Amino acid sequence: MDAFGDLFRGMRAQGSLFACTTLSPPWSLHFVDGAPLTLCTVLGGAGWIVPEGRPPERLGAGETVIVRGPAPFTFVDEVGTTAEPVACGEHCTTPEEGGTRYRRGWKDDSGGDPGAGATTLIVGAYPVRGEISRRLLDALPVVLRVAPGGGSDAVLDHLAAEVAVDTPGQQVVLDRLLDWLLVCSVREYFDRPGGEPPAWYAAQRDPVVGGALRLLHAEPAAPWTVAALADRAGVSRSTLAKRFADLVGEPPLTYLTRWRMALAADLLVEREATTVAEVARAVGYSDAFAFSAAFKRTRGMSPSEFRRADPLPGSGGDRRAVAPGAGSGLRSGR
């Protein structure tokens with residue numbers, strides 16, 4: 001796993017909430033429950049995304065936006081629409097009888113064929129599990145927009161074909177397609193001309209620093225020193241140290257410590273039966289006391305205190321996983 005791929009560990013569509021709907025104007029969908037990450041794609045037609053406190057953005061066919069919560073946002077046919085807002089929270093979705101959770105996100109009161117001007121919208125509201133995935137959220141703007149014509153187009157073609165039929169295993173396919181679309185969209189946003197991707201993302205393309213980052217992510221528990229890392233990267237210690245700090249913004253071992261602490265934070269929450277000493281060994285510390293000191297230095301509390309911390313969103317850190325459906329703008333249709 002590389003530095004980018006690692007951040008998607010806790011983001012899986014199997015725990016997300018998926019809706020596909022065809023809307024006839026006028027419409028106004030108000031996403032109010034503050035999902036940490038919501039992906040909206042227009043398969044056909046057009047509409048406007050209106051984030052709270054931000055300018056509206058038109059979304060045309062084949063375009064995707066990713067909205068970072070928890071602030072609410074609205075999807076409308078036109079800015080200033082006359083449609084009554086439908087609050088997309090607990091009661092937003094209406095599952096099709098006998099169908100799976102993605103079938104029919106919202107009732108369309110147009111009566112029969114939606115006709116000209118209809119827009120087909122796919123929405124995936126992602127829960128965010130753990131500290132690792134939160135590092136990805138920190139790297140994203142409130143609204144991330146990806147135009148058609150890139151690597152995401154192939155995913156959209158598959159999505160459009162899959163939602164049009166009802167076949168065995170369909171939900172598994174849709175989940176994986178949504179994951180594919182999320183990764184491709186974020187990657188295209190970071191790679192866009194004139195973009196400003198996070199330093200660690202851009203550094204992955206460097207032949208020296210990129211190789212060092214892959215080693216740190218592949219073997220985070222290894223007894224790394226700058227000299228050992230430089231030897232594996234095939235450069236001198238001083239060359240690696242300077243190049244890494246220049247491109248990533250911090251020394252290699254500082255980066256490693258922060259990454260180890262993110263891994264440890266998730267292990268402490270996900271595996272409550274695991275002892276602090278076992279977590280310490282899993283992230284490269286033979287001494288639980290040294291690990292606890294490093295954890296407290298970076299997190300402001302001991303591992304045991306972190307494990308006992310309030311898990312609820314908005315409770316002063318949101319330190320634990322956001323469960324599927326918690327704080328999401330959609331409800332499962334199952």
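Guide: The questions below concern a predicted model.

Visitor: How many aromatic pairs does a search of the whole structure find, and at what angle do the planes of W200 and Y201 lie?

Guide: A search of the whole structure gives 13 aromatic pairs. W200 and Y201 form one that is edge-to-face, with 6.1 Å from centre to centre. An angle over 60 degrees places a pair in that class. For W200 and Y201 the angle between the planes is 75 degrees.

Visitor: Are W200 and Y201 buried or exposed?

Guide: W200 and Y201 belong to one aromatic cluster with F4, F8, Y189 and F190. A residue counts as buried under 20% relative accessible area and as exposed over 50%. On that scale, both W200 and Y201 are buried.

Visitor: Which residue lies over the face of Y189?

Guide: Y189 is one of the members of the aromatic cluster that also holds W200. A charge is counted over a ring only if it is within 6 Å of the ring centre. At 3.9 Å from the ring centre, the residue over the face of Y189 is R192.

Visitor: What separates F291 and F295 along helix α10, and what is the angle between their planes?

Guide: F291 and F295 are 4 residues apart in helix α10 (residues 288-299), so about one helical turn separates them. Both residues are buried. Their rings form a tilted aromatic pair, 5.8 Å centre to centre, and the angle between the planes is 55 degrees.

Visitor: Why is helix α1 described as largely enclosed by the rest of the structure?

Guide: Helix α1 covers residues 130-138. Its buried residues are G130, E131, I132, S133, R134, R135, L136 and L137. They pack against β3, β6, α3, α8, α10 and α11. Helix α1 is largely enclosed because its buried residues number 8 of the 9.

Visitor: Over the face of which residue does R135 lie?

Guide: R135 is among the buried residues of α1. The distance from R135 to the ring centre is 5.8 Å, and the cut-off for a charge over a ring is 6 Å. The residue whose face R135 lies over is Y255.

Visitor: Where is T38 placed, and what is its relative accessible area?

Guide: T38 is located in strand β3. Leaving aside neighbours within four places in sequence, T38 is in contact with V65, I66, V67, F73, V123, G124 and A125. T38 is buried, and its relative accessible area is 4%.

Visitor: In what sense do β3 and β9 pair, and which residue in β9 stands opposite C40?

Guide: Strand β9 (residues 119-126) is mostly covered, with 7 of its 8 residues buried. The pairing of β3 and β9 runs over 7 bridges and is antiparallel. The residue in β9 that C40 stands opposite is V123.

Visitor: Where do the peptide bonds from P25 to P26 and from G69 to P70 lie, and what are their omega values?

Guide: P26 is in the loop between β1 and β2, while P70 is in the loop between β6 and β7. The bond from P25 to P26 is cis, with omega near 0 degrees. The bond from G69 to P70 is also cis, with omega near 10 degrees.

Visitor: How many residues apart in sequence are the parts that E63 and R145 tie together?

Guide: The structure holds 9 salt bridges. In one of them, the closest N and O atoms of E63 and R145 are 3.0 Å apart. E63 is buried at 12% relative accessible area, whereas R145 is partly exposed at 32%. E63 lies in the loop between β5 and β6 and R145 in strand β10, so the parts tied together are apart in sequence by 82 residues.

Visitor: Which residues are linked with E63 in a network of salt bridges?

Guide: The salt bridge between E63 and R145 belongs to a network. The residues linked with E63 there are E57 and R145.

Visitor: How far apart are the closest N and O atoms of D179 and R176, and of D246 and K242?

Guide: D179 and R176 lie 3 residues apart in helix α3, and D246 and K242 lie 4 residues apart in helix α7. D179 is buried at 11% relative accessible area and R176 is partly exposed at 38%, while D246 and K242 are both exposed. For D179 and R176 the closest N and O atoms are 2.9 Å apart. For D246 and K242 the value is 2.7 Å.

Technical notes. Residues numbered from 1 in each chain as written. Predicted model: local features only at pLDDT ≥ 70, side-chain atom pairs only at ≥ 80, totals over all residues. Heavy atoms only, no water. Phe/Tyr/Trp six-rings, centres within 6.5 Å; stacked < 30°, edge-to-face > 60°. Buried < 20%, exposed > 50% of the residue type's maximum accessible area, 1.4 Å probe, protein only. Helix = DSSP H or I, 4+ residues; strand = E, 2+ residues; numbered from the N terminus. Lys NZ or Arg CZ within 6 Å of the ring centre and 35° of its normal. Contact = heavy atoms within 4.5 Å. Pairing = 2+ DSSP bridges. Salt bridge = Lys/Arg side-chain N within 4 Å of Asp/Glu carboxyl O.
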